[in-house]
Amino acid sequence: MSQPQRIPVVGKRFWLFFFGGMFLLAGAVALYVWFALRPLPAAPEAAQALQSDARVRVQQTSYGYDFIPLGTPKGGLAFYPGGRVEYTAYAPLMRQIAESGYRVALMWVPFGLAVTAENKAQEPIAAHPELAWAVGGHSVGGVAASTFASGDSRVRALVLFAAYPRMDLSATTIPTLALFGSKDGVLPPEEARQRARLLPKGAEVRFLEGFNHSSYGAYGPQPGDQAATVGKLAGWRIVSREVVAFLEKHLQP
């Protein structure tokens, strides 16, 4: 009677090392992806801005957070966060805009990348069709906002922070406010001026002195950026004034 064939010990060791190596490689890839997609965290003042008070009620929704002003809102702003930034980092600025009478929807997007959910603004707009709506976004979020605005007739205005459209919208006439920073190292002023040619006709373009790429949110520093010479709180007040003045012109009857 023949004996069962025995697998050489060296073969067992090979498969042990092979599968062990594959396991380590898979773990390394997963760790890299986790680090690569991990959003820049929001600063503590973001959490403070998510608290309701007598002027603004903050409500968590299926799409993120709503900042609801006291009384009847004058209109709405649906906002896409910047790429790989914790979306709540924009809460302080969004809250200031809401204090001026506008309902603001701060939207969560998968992986911190607004281009994965460019139609996200449909949710707050559909939830409150009685309002005149603008959409806006920072950096990659601005790309998503401009794409959505160009394809949805319900959008009355577009607000961009350190952002420009993916496609040429210069033949369109949607009212647009585009804010850029003089200290932006991610989108330098020279490039921003060139990219501004893609904006809708008649866009209001502002270069804010001392602003860098992360000036619009409670986070940072951001890789590749320059140091801002305007503080966060002062910067948010400046941006809020610009946005509210723009919305007053284009969302009111």
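Is Ser240 buried or exposed in this structure? At 6% relative accessibility Ser240 counts as buried, where buried means under 20% relative accessible area, exposed over 50%, and partly exposed in between, with a 1.4 Å probe and protein chains only. This is a predicted model, in which local features need pLDDT of at least 70 and side-chain atom pairs count only at pLDDT 80 or more, while totals for chains, interfaces and linings use all residues. Residues are numbered from 1 along each chain as its sequence is written, and side-chain values use heavy atoms, with hydrogens and water left out.

**Ser240 and the helix pair**

- Ser240 lies in helix 7, residues 232–250; helices (H or I, at least four residues) and strands (E, at least two) are DSSP runs numbered from the N terminus.
- Leaving aside residues up to four places away in sequence, Ser240 touches Leu93, Gln96 and Ile97, contact meaning heavy atoms within 4.5 Å.
- Helix 3 and helix 7 pack at an angle of about 45 degrees with their axes 9 Å apart, the axes being lines fitted to C-alpha atoms over the stretch in contact and the angles running from 0 to 180 degrees between N-to-C directions.
- The contact is made by Pro92, Leu93, Gln96 and Ile97 of helix 3 together with residues of helix 7, including Trp236, Ser240 and Leu247.
- Helix 3 and helix 7 are therefore oblique to each other, a class left over once angles under 35 degrees count as roughly parallel, over 145 as roughly antiparallel and 65 to 115 as roughly perpendicular.

**Aromatic rings**

- The whole structure holds seven aromatic pairs, in which rings of Phe, Tyr and Trp (its six-membered ring) have centres within 6.5 Å, with planes under 30 degrees apart counted as stacked, over 60 as edge-to-face and the rest as tilted.
- The rings of Tyr90 and Tyr219 have their centres 6.4 Å apart and their planes at 55 degrees, so this pair is tilted.
- Tyr90 lies in the loop between strand 3 (76–80) and helix 3 (91–99), and Tyr219 in the loop between strand 8 (204–208) and helix 7, so the pair ties together parts that are 129 residues apart in sequence.
- Tyr90 is buried, with a relative accessible area of 0%, and Tyr219 counts as buried at 4% relative accessibility.

**Backbone features**

- Most residues other than glycine have a negative phi, and most peptide bonds are trans.
- The peptide bond from Gly220 to Pro221 is cis, with omega near 0 degrees, and Pro221 is placed in the loop between strand 8 and helix 7.
- Phe111, although not a glycine, has a positive phi of about 60 degrees, and Phe111 counts as exposed at 56% relative accessibility.
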